[in-house]
Number of protein chains: 4
Amino acid sequence: MTPPSLTAPGLTPPDIVRCAYAELVVTDLAASREFYVDILGLVVSYEDENTIYLRSLEEFIHHNLVLRRGPIAGAAVLAFRVRTPGDVDLAEAYYQALGCRTERRPDGFVRGIGDAVRVIDPLGFPYEFFYAVDHVERLAWHYELYTPGALVRLDHFNQVTPDVPRGLEYLEGIGFRVTEDIEDEDGIVYAAWMRRKDTVHDTALTGGAGPRLHHVAFSTHEKHNILAICDKLGALRRSDAIERGPGRHGVSNAFYLYIRDPDGHRIEIYTQDYYTGDPDNPVVRWDVHDNQRRDWWGNPVVPSWYTDASVVLDLDGVPQPLAEREQPSEMAVTIGADGFSYTRKGDVDEGFKLGAQL
Amino acid sequence: MTPPSLTAPGLTPPDIVRCAYAELVVTDLAASREFYVDILGLVVSYEDENTIYLRSLEEFIHHNLVLRRGPIAGAAVLAFRVRTPGDVDLAEAYYQALGCRTERRPDGFVRGIGDAVRVIDPLGFPYEFFYAVDHVERLAWHYELYTPGALVRLDHFNQVTPDVPRGLEYLEGIGFRVTEDIEDEDGIVYAAWMRRKDTVHDTALTGGAGPRLHHVAFSTHEKHNILAICDKLGALRRSDAIERGPGRHGVSNAFYLYIRDPDGHRIEIYTQDYYTGDPDNPVVRWDVHDNQRRDWWGNPVVPSWYTDASVVLDLDGVPQPLAEREQPSEMAVTIGADGFSYTRKGDVDEGFKLGAQL
Amino acid sequence: MTPPSLTAPGLTPPDIVRCAYAELVVTDLAASREFYVDILGLVVSYEDENTIYLRSLEEFIHHNLVLRRGPIAGAAVLAFRVRTPGDVDLAEAYYQALGCRTERRPDGFVRGIGDAVRVIDPLGFPYEFFYAVDHVERLAWHYELYTPGALVRLDHFNQVTPDVPRGLEYLEGIGFRVTEDIEDEDGIVYAAWMRRKDTVHDTALTGGAGPRLHHVAFSTHEKHNILAICDKLGALRRSDAIERGPGRHGVSNAFYLYIRDPDGHRIEIYTQDYYTGDPDNPVVRWDVHDNQRRDWWGNPVVPSWYTDASVVLDLDGVPQPLAEREQPSEMAVTIGADGFSYTRKGDVDEGFKLGAQL
Amino acid sequence: MTPPSLTAPGLTPPDIVRCAYAELVVTDLAASREFYVDILGLVVSYEDENTIYLRSLEEFIHHNLVLRRGPIAGAAVLAFRVRTPGDVDLAEAYYQALGCRTERRPDGFVRGIGDAVRVIDPLGFPYEFFYAVDHVERLAWHYELYTPGALVRLDHFNQVTPDVPRGLEYLEGIGFRVTEDIEDEDGIVYAAWMRRKDTVHDTALTGGAGPRLHHVAFSTHEKHNILAICDKLGALRRSDAIERGPGRHGVSNAFYLYIRDPDGHRIEIYTQDYYTGDPDNPVVRWDVHDNQRRDWWGNPVVPSWYTDASVVLDLDGVPQPLAEREQPSEMAVTIGADGFSYTRKGDVDEGFKLGAQL
């Protein structure tokens, strides 16, 4: 079979507004409900015995997250909203031109969404594009529903793929713009962040065996909201759900936390990146050896954060096969016996923050 | 003289990216510098004996605020960035078609800005449109420069105009979208908020004698940053610069503070409104009698906030004449002997928060 | 009848540890429960059809607030914990020596409290002193119970009495120390703050017709917690419960909010005063005309805050008669036609913050 | 030589008010000044070429920290304020009765402090007791001096000693009360926290080779202040000064950060523990294997935090010899190949947070 093309020169890609929702397959729906609703406080827009539709407090479209009961945990789709109904047609034509599998459903794939197309993209990810959506109440003013760790927006996805520049070529082709990346002195790209809305990203590519979903990120208003989630996980004796952080990212300048749901799906809680909406928004390039790129405070990235990710499913719900990354991994070049990082470039003294922590 | 048209059907308006900077004429440049630099912590991009160029910490274009010494305090221009160099041409042609005075300067009107056009718009405001701009360092990661009340972005302008629907017709014609407004049961519109970027507004129209500039707003990351500005003004025995707030807006759901600079120009400090970037973002309409519309906590709006605003200057620096509002004023219909407001619609009991406070 | 003495020279007063709980009579217990439990998030230690016992999240004694159903709203008691069981004896003897009515109950007056004495003190207030108390779980680590506006401690009482120096003489006699006060250039004292624990106060005296209870104050950890209470009251369309603030106090340097419960009892929410535990802790004296004494940001004090307070009950539950203040009132000397305040001493210019707001 | 006794039955110990200041010997005074003044924002009360006296923003005694230039970095003294001048006499007599070396100086050992006694206590630590002190301005209201990470109080010391129960016996003898400790099922005590003022501690004992100073802790008002210090260290490319955290303690429930000064002296930044002033304040006992005892979020304690500490000096400035801990170390029993920790007691599954992180 011919692999899909990365770009379709001459074809107009869909005008993507933003990342809109993810559909995750979970193996124990009750356990997932406890995690996302009881602990994280996402709002149930609809639920039945097999599915839960969740949204953040400032959202007005039907959902930002669909949890669907299934035998194997995985990411069923990453969905983007497009600007007009016609953009769904453009998306379908575009991916067909790329040679990708597509499936169009005028009544939508999930509750609350109308006409939509799902595709397996050139990187192997299941993407959905839709315009039509049920409006629900934007609960922004409903402070009686806020928890101390209130999640107010879906912010972004993060995808693992073996060859980041190849992924960038494809995503730039459908209109994404790079805001930041991590490179080394030889030009190897380890990760890149891309946006449609006015934030640092709607999705990011992390180099590694893929296609896999690295995480889905929700926003809070303030940093203390993220700390409150940690405090609550501790109170519930579930602090082992905290994988990494909280901390300040170098990339994006946002404050972050990574937690793992009962199936191991990674959720980031994120706040306070910067406006990127200008056409000439400066791209920030980070040196892979800069110890503050992933955590501005130099705190270590745990190995699981580099190695673990969720499988993604094809349009039939079958896990996609993985391709290994051929270039060096970020983990290998930065930590442990084989890697090195610096706090101050040219400063050879490696303190307790770099070597001894891992 | 024929008044300008409000719209130019058939002409393509410029693609406005966002509000970008304001130029204010101040009568005592040293006093203004103390206010904006020493107290508020804006960063000096450039200054000479007559002018100071200031930016917020996350900005990468040359400035967000120009302070220029002059004999009469006023607003010299409200400047918007457009998407491409060609959009400056579109802007010039558009306003000429409206019958507005325009002035084009390929080298820009102020330092740091290139090819730009300034116009006196149909509402009497001096607007500038530009694409070309010097990039400066985005100081987002320079936490050693942050003060407790750090201002990170320019958020919006707010303009006073007698006839809000007339102003809306014009601004929608050049591409702004309404996000919220304040109306009464007879359809009288008292104020409206309009956006280009993904926030609640890039500018707003407030009904009143105009054209006048109501305020320029800067963003902080968190609410405590705004409180810190109040604390500092108190410590400097300048708490009388605090005009209104801090508080939570009903409109926009943002946390706010209004302060007055040494010339009386009003600056809002603002944080945490919501994402509005979807094409069908729901418009929020507030009842003018709802006591929580302007302050979600029902705290009184001081009369000066309704009555005071900065004169705006024409392209020669001459103050624009004012036209009075013919419809009822929001202040008159909501506070004092002639107005009424409610906390709970239909609840006749007016407590100490409504009547007795003013 | 001979009025009670203010001091009992030669007698050892009880060693008071801190303010511990207040008992308030409320006329609609369900409405009060909604206010204190559903809205403010205080924890129910025990409740029956006539009484609710509430505590803050960091408390380990049985309760900080007792709500008791009754025909007339009032304050039934202000209770202080003493250091040893013997201090209850000392308290009883001390107040008997003053000529005050006392009542001793070895089994306590309310659930959860053991041997206690209640008195009507020389100022007419019902005070209780106890040592024996049931311990309950300190919920400090139970973050799953925290709301965004979590109340973590009882901080202080505030009492209205006509003659503040007279009240000070009595309270210093039983061991309180002054931390701050408000005076004028003639030495008239308008209010004073007194402590036992290491904070600015366990109780304060506010000059006015008394005896009345001005307010009971609970602490939060951070300022955003207080803002969250305001936001929630707005969301519930109960913003008219917000009487004054939020703001920064001059006196105490704490961040504050005053709200009114369904019976009009005033509750302060308070955070971040300073350590006062040293024996020579400096007393801070504020000029009554300093516009930043009550609100550091110069925001106006609403008249109701000066005029309204809860009646207090005698040991039979009968409202205590009021004595008027004979000296000038703080409200009269500072606001309105008869008063004046300054932001900068000697600065005659009174701006919109002083005159025009009230 | 006879070792000193731990207690002096029948003798009245001094009435200690609180921990008051530490004197640290530093090898590069300019580097230390940059760290404590330029980065942390402590206020200089006095400085000359060999010494810098620093205080926190809410302090009214002359200093909380003395930095003195010397050839070997170490802790020269831990100083406590006592309630009366006579308590200095009591302290001198008490330690003489214990058989400890004491030195009395009526004019004080350092600037700003009057009559004081220094001792080498039974654990080998240099302690000072004083009452007389110069008052300086309490800068609490001087918000123009606040940085985003403003330090407002000295909170506590933490001392390393081999035998914690032995240390407790001594410290309880001079009036300290235990608030929390860490034990195992065999009753081995790994650490204990003791207070005089109304907080969780004025000092703590950590089991290990001693006498050494583990850290000195300063308080901020809010958690974001601590995050701001991390952000600033990152901005200055000094993130390697961050040793551990930020995080939430289990013990004390406070939010924390540990940083290391240029000589390796450890400073904790700390906020929001709870009130402990009642005589029957409940003691909290933590299981040494509870993975949330040191960090409520289960984040790993770095080995250096367990192993490193500052030498302490005798009254002649000579480093005290160390005695090793004979009981198991907390590090050995909880992390790595020899130790174990749990998130949920009885839950055998050890996730990535426990084993794989170290």
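Visitor: Before we start, what does "buried" mean here?
Guide: Buried means under 20% relative accessible area, with exposed over 50% and partly exposed in between (1.4 Å probe, protein chains only). This is a predicted model, where local features need pLDDT of at least 70, side-chain atom pairs count only at pLDDT 80 or more, and totals for chains, interfaces and linings use all residues. Residues are numbered from 1 along each chain as its sequence is written, and side-chain values use heavy atoms, leaving out hydrogens and water.

Visitor: OK, which residues in H2(A) are buried?
Guide: Asp87(A), Val88(A), Ala91(A), Glu92(A), Tyr94(A), Tyr95(A) and Leu98(A). Down the axis of H2(A) they fall within an arc of 165° (from the directions to the C-beta atoms), so they line one face of the helix.

Visitor: And what do they pack against?
Guide: Strands E5 (74-82), E6 (102-105), E7 (116-120) and E8 (126-130), plus helix H3 (164-173), all of chain A. Helices (H or I, at least four residues) and strands (E, at least two) are DSSP runs, numbered from the N terminus.

Visitor: Switching topic: how is chain A divided?
Guide: Into domain 1 (16-134) and domain 2 (148-353), with bounds from an automatic or database domain assignment.

Visitor: How many residues of domain 1 are in contact with domain 2?
Guide: 51 residues of domain 1 of chain A, meeting 51 of domain 2 of chain A; contact means heavy atoms within 4.5 Å.

Visitor: How far apart are the centres of the two?
Guide: 21 Å, taken over C-alpha atoms.

Key. Chains lettered and ligands numbered in written order.
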